[in-house]
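Subject: Structure for you to look at

Dear colleague,

I am handing over the structure below, and after it I set out what was found there. Please keep it open while you read.

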Number of protein chains: 2
Amino acid sequence: MPVRYELLAKSGNARRGRLHTPHGVVETPAFMPVGTAGSVKALTARDLTELGAEMILGNTYHLFLRPGSELVRELGGLHRFTSWEGAMLTDSGGFQVFSLADRRRIREEGVEFQSHLDGKKLFFTPEKVMEIEMALGADVIMAFDECPPALADRAYHEASMARTTRWAERCRAVWREDSGTSLFGIVQGGPWEDLRRRHVEEICALDLPGYALGGYAVGEPPEKMHQGVAFSAPLLPADQPRYLMGVGTLDDLVHGVAAGVDLFDCVLPTRCARNALVFTRAGEGRMNLKNARFARDNRPVDEKCGCYACRTVSRAYLRHLFVARELTAYTLSTQHNLWTYLRLMRDVREAIAADRFAAFAREFFGSRAPAADSGG
Amino acid sequence: MPVRYELLAKSGNARRGRLHTPHGVVETPAFMPVGTAGSVKALTARDLTELGAEMILGNTYHLFLRPGSELVRELGGLHRFTSWEGAMLTDSGGFQVFSLADRRRIREEGVEFQSHLDGKKLFFTPEKVMEIEMALGADVIMAFDECPPALADRAYHEASMARTTRWAERCRAVWREDSGTSLFGIVQGGPWEDLRRRHVEEICALDLPGYALGGYAVGEPPEKMHQGVAFSAPLLPADQPRYLMGVGTLDDLVHGVAAGVDLFDCVLPTRCARNALVFTRAGEGRMNLKNARFARDNRPVDEKCGCYACRTVSRAYLRHLFVARELTAYTLSTQHNLWTYLRLMRDVREAIAADRFAAFAREFFGSRAPAADSGG
């Protein structure tokens, strides 16, 4: 059975809903932690449950290379393999093929590329990617698309978009509903509103269980991205889930929710955490815990935070763990950053349900220190 | 108040007891996980509590170098700093000075050495080490000793032992009971029974709250070590806790308990875990999870184990995490190995309480595959 979106309430364009999946209900708007290679780095599945995550993302490209999608299928699929009992989504591998792989060549048939691990020549077609994603067996699988480079011109975008439509049709043709997966289409079109509108029409004509916005947060200024999402998200079908891929900062999430987005994913909270960069909702915004000024700072990272790290240890202790490269540093900081993200989404959901999202967003942006948020 | 040992039961020489500390009761025989630099690598304090650890060890040498004992004192001591609420012990730094530091020079006054981190020249005296350990504020602190090289001859051992006695007297002189710490003395003497006997007399004459056996597991064959401990442990006062430093394998623990040891510590379960080497009580003994034969092995590491990893994930998943160098690998394997160690100690305590320790040990060694235990 495909996933099903249930709209519970609206507040402006912001949507409070539920995504019903074969692995439980995901309260939306939701943030999906990224578990690239079958684990959210430094955390266990139990940690994620305790943090309140309901859906996580796996990267098809990475899992295909290692341990291999056929091996995962043989061992019972991604849920069983990773012991994650909640909902899962796999991306299409497209973004990674274009950003990670060596020497790739795009043809109508698919993309030829070399593995970033061992240089092995590989060929991804829409059909091949569907086969891989169905073998992995996440609840939601993404169509194979091209995410054009940030600086590509309009002509490139138009041609790429048309090919992404043809690839989505080919994905649609081989995707089997009885695989337990739900196929989402991806809308591209870069910063051009008419292209976005045209691609929404093309992709939504495929009648899929959900749709995503791709090609945002690929290097453009945040305001441009927020404007683009504010334009594109409302074009997507109101009775289906809307997923903004690879976004973003806490601010980006609030902007995305305001535009009517239901699902988000981003490596930012987890990757930054491993580099000692922790986020707070208000006040300092971001802190680099390796900074010497934290050496004797006995306060928690965020006094208002309820995460395990903030309830038990100081900035000084975390700084020490980072300086000494102790593995526990990565666990604690990752827990903190994900808690901050997931807690924000919970508060967002409550604000929408109470139809006070605009006030929530004003208060949220008002409490931020914009300068502190712009860098480490 | 110093720690207090309560003897509950004996089975042969094996002792079932309780160590009463300012941070709770430690059921003995107990294994102390090693938290070298203020964390048991890859675990949180909560993980340790869940695993059933009641006492952990911190390394004075490492903590002195980073973050510094004065900083730890300023921030409330090691318990508050690390958020570990159970009992703690710090070693004396002696073993690390002799095994890690660069260019060390032993004098009667103390040891001159260079930090392995930055080459800085440092000087540890018994008085300095006491000052550091009291600043760190563990429940049990160890006297500063020399642990002679494995191949040192009898003459070297005698001279070193005599100096260690003088150093222990100097530690005794500056240790303050009102510091909240309890000073344990360390017995050396290498493989010579008469030296061990003499040193037990010298060190126990200091009337300290507890005593340790040092200089074992420094390179000698396991049988020699077991024999040595079986000789030395019963020489220690029966009404005080006995600690065998830096030991060992699961087999070593059972041998040590049989000799009448109450406390153990070793980096083996945690360090091996980070190298994909996991232990099981019976059957395979040790497994290197990176081995290709586990690639499609859907069984848990140990079917009889109740740890989180064994309850939820397969050898194939753990192998994948290790091959992909995912941080979660270290957390899961460390939890497994410590669970195995701590569970063994629980079973040992039950066997002693029921006065069936000899039968327990026979069964334990009978179920082991000695060949598999001898290497990776």
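Before the first residue, one convention is needed: helices (H or I, at least four residues) and strands (E, at least two) are DSSP runs, numbered from the N terminus. The model is a predicted one, in which local features need pLDDT of at least 70 and side-chain atom pairs count only at pLDDT 80 or more, while totals for chains, interfaces and linings use all residues. Residues are numbered from 1 along each chain as its sequence is written, and chains are lettered from A and ligands numbered from 1 in the order in which they are written.

A loop residue and a helix residue

Gly285(B) sits in the loop between strand S15 (277-279) and strand S16 (286-288) of chain B. A residue is called buried if 20 or more other C-beta atoms lie within 10 Å of its own, exposed if 12 or fewer, and partly exposed in between, with the C-beta atoms placed from the backbone. Gly285(B) counts as buried because it has 20 C-beta neighbours inside 10 Å. Although Gly285(B) and Ser367(B) are 82 residues apart in sequence, their C-alpha atoms are 9.4 Å apart in space.

Thr331(B), by comparison, belongs to helix H14 of chain B, and it counts as buried because there are 29 C-beta neighbours inside 10 Å. Two residues are in contact if their C-beta atoms, placed from the backbone, lie within 7 Å; leaving aside neighbours within four places in sequence, Thr331(B) is in contact with Thr44(A), Thr331(A), Ala42(B) and Leu43(B).

How the two chains meet

Chain B can be laid on chain A with an RMSD of 0.0 Å, by a turn of 180° and a shift of 0.0 Å along the axis, where copies are superposed by least squares on the C-alpha atoms of residues with pLDDT of at least 70 in both. That is the relation of a two-fold axis. The same surface serves both copies, since 100% of the contact residues of chain B recur in chain A.

The contact takes 36 residues from chain B and 36 residues from chain A. On the side of chain B that touches chain A, the elements that give two or more residues include helix H1 (45-51), helix H13 (315-323) and helix H14 (327-353) of chain B. The residues of that side divide into 19 nonpolar, 11 polar and 6 charged, where Ala, Val, Leu, Ile, Met, Phe, Trp, Tyr, Cys and Pro count as nonpolar, Asp, Glu, Lys and Arg as charged, and the others, Gly among them, as polar.

In chain A, helix H13 (residues 315-323) is mostly covered, with 8 of its 9 residues buried. What covers the buried residues of H13(A) includes helix H12 (308-312) and helix H14 (327-353) of chain A, together with H4 of chain B.

Two packed helices are described by the angle between their axes and the distance between the axes. Axes are lines fitted to C-alpha atoms, for helices over the stretch in contact, and angles run from 0 to 180 degrees between N-to-C directions.

Helix H9 (residues 222-232) and helix H10 (residues 250-259) of chain B pack at an angle of about 20°, with their axes 8 Å apart. That makes H9(B) roughly parallel to H10(B) (angles under 35 degrees count as roughly parallel, over 145 as roughly antiparallel, 65 to 115 as roughly perpendicular and the rest as oblique). By class, the contact of H9(B) with H10(B) has 4 nonpolar, 3 polar and 1 charged residues.

H10(B) also packs with H14(B), at an angle of about 25° and with axes 11 Å apart, which makes H10(B) roughly parallel to H14(B). This contact is made by Leu250(B), Leu253(B), Val254(B) and Val257(B) of H10(B) and Tyr341(B), Leu344(B) and Val348(B) of H14(B), and its residues divide into 7 nonpolar, no polar and no charged.

Backbone details

Most residues other than glycine have a negative phi, and most peptide bonds are trans. Phi of Asp355(B), however, is positive, near 50°, and the peptide bond from Arg66(B) to Pro67(B) is cis, with omega near 10°.

With best wishes
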